[in-house]
Every structure is written in structure tokens, then in C-alpha cells.
Amino acid sequence: MNESLMDTFKRYYADYRVAANVDQSFSDAYKAIAYHVINQTEQFAQGGNLDEVQNVIREFKEIGLSVGPSNDALKERFEQELVEQVLDREGK
């Protein structure tokens, strides 16, 4: 599976959201995605894959811009998508 970094961030958020409130889940997911980026960068660098290193860093910078000084809109989007996923599962 080749998911985007933002999709990984959302997945981490959903995992943390099971046990914590919105703010704590978002904070924990953001920290987890930073560690994920470090690990991916190391793997890509060891493999000599500079393009993938650049891609993961670019995606992480984009996430950083989305989080920025006010991350309320991004939190709301994550929460809405999580609710939609739950409703979709219940509807099936």
C-alpha cells in the first residue's frame, strides 16, 4: 500500500481518537507522523532513493503548513472524515 503522508496522518488520528479527545488525538498523531517521516527518510536514504526522500519531506512540509498556527480547520476535517467512515461501516 502506497498511501500519502496525509492519509497516514489521518489513520494515526483515527487510531488515537479511539482513546482520546480531538485535541490530544491530533497532537499525538502529529508527533507520530514526525517519527514516521524520520523512519521513512532513513529507509529511503539507506536505499539511495533521493527522490523519495525529497517527496516525503515535501509532503511533511505541506502538512506543517496545514497545521500552522491554527489547526482547527484540519481537526474538523479529520473529525468529519472519521464520522463518515464510521457511518459508512455501519451502513454496510
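Is Thr8 buried or exposed, and what is its relative accessible area?

Analyst: A word on the source comes first. This is a predicted model.

Thr8 is buried. Its relative accessible area is 3%, and the cut-off for buried is under 20%. Thr8 sits in helix α1, which covers residues 5-17. Setting aside neighbours within four places in sequence, Thr8 is in contact with Glu3, Ile33 and His36.

Glu3 leads on to the largest pocket. Glu3 is one of the residues that lie nearest the centre of this pocket. Asn2, Ser4, Gln40 and Glu59 share that description. The lining has 14 residues in total, and the pocket has a volume of about 210 Å³. By class, the lining divides into four nonpolar, six polar and four charged residues.

Thr41 belongs to helix α2. Thr41 is buried too, with a relative accessible area of 19%; the cut-off is under 20%. Beyond the neighbours within four places in sequence, Thr41 is in contact with Val53, Val56 and Ile57. Take Val53 from that list. Along the chain, Thr41 and Val53 are 12 residues apart. Their C-alpha atoms are separated by 5.3 Å.

Back to helix α1, and to its packing with another helix. α1 packs with α4, which covers residues 72-91. The angle is about 70 degrees, and the axes are 10 Å apart. Angles of 65 to 115 degrees count as roughly perpendicular, so α1 and α4 are roughly perpendicular to each other.

Which residues meet in this contact of α1 with α4? From α1 come Met6, Phe9, Lys10, Tyr13, Ala14 and Arg17. From α4 come Leu74, Lys75, Arg77, Phe78, Glu79, Glu81 and Leu82. By class, the residues of this contact divide into seven nonpolar and six charged, with no polar ones.

To put the part together: α1 holds the buried Thr8.

Note on methods:
Residues are numbered from 1 along each chain as its sequence is written. This is a predicted model: local features need pLDDT of at least 70, side-chain atom pairs count only at pLDDT 80 or more; totals for chains, interfaces and linings use all residues. Side-chain values use heavy atoms; hydrogens and water are left out. Axes are lines fitted to C-alpha atoms, for helices over the stretch in contact, and angles run from 0 to 180 degrees between N-to-C directions. Helices (H or I, at least four residues) and strands (E, at least two) are DSSP runs, numbered from the N terminus. Angles under 35 degrees count as roughly parallel, over 145 as roughly antiparallel, 65 to 115 as roughly perpendicular and the rest as oblique. Contact means heavy atoms within 4.5 Å. Ala, Val, Leu, Ile, Met, Phe, Trp, Tyr, Cys and Pro count as nonpolar, Asp, Glu, Lys and Arg as charged, and the others, Gly among them, as polar. On a 1 Å grid over the protein atoms alone, a cavity is a set of points where a 1.4 Å probe fits but cannot get out, and a pocket is an open set with protein on both sides within 12 Å along at least five of seven lines; lining residues have an atom within 4 Å of a point. Grid points are joined across faces, edges and corners, and a volume is the space filled by probe spheres set on the points. Buried means under 20% relative accessible area, exposed over 50%, partly exposed in between (1.4 Å probe, protein chains only).
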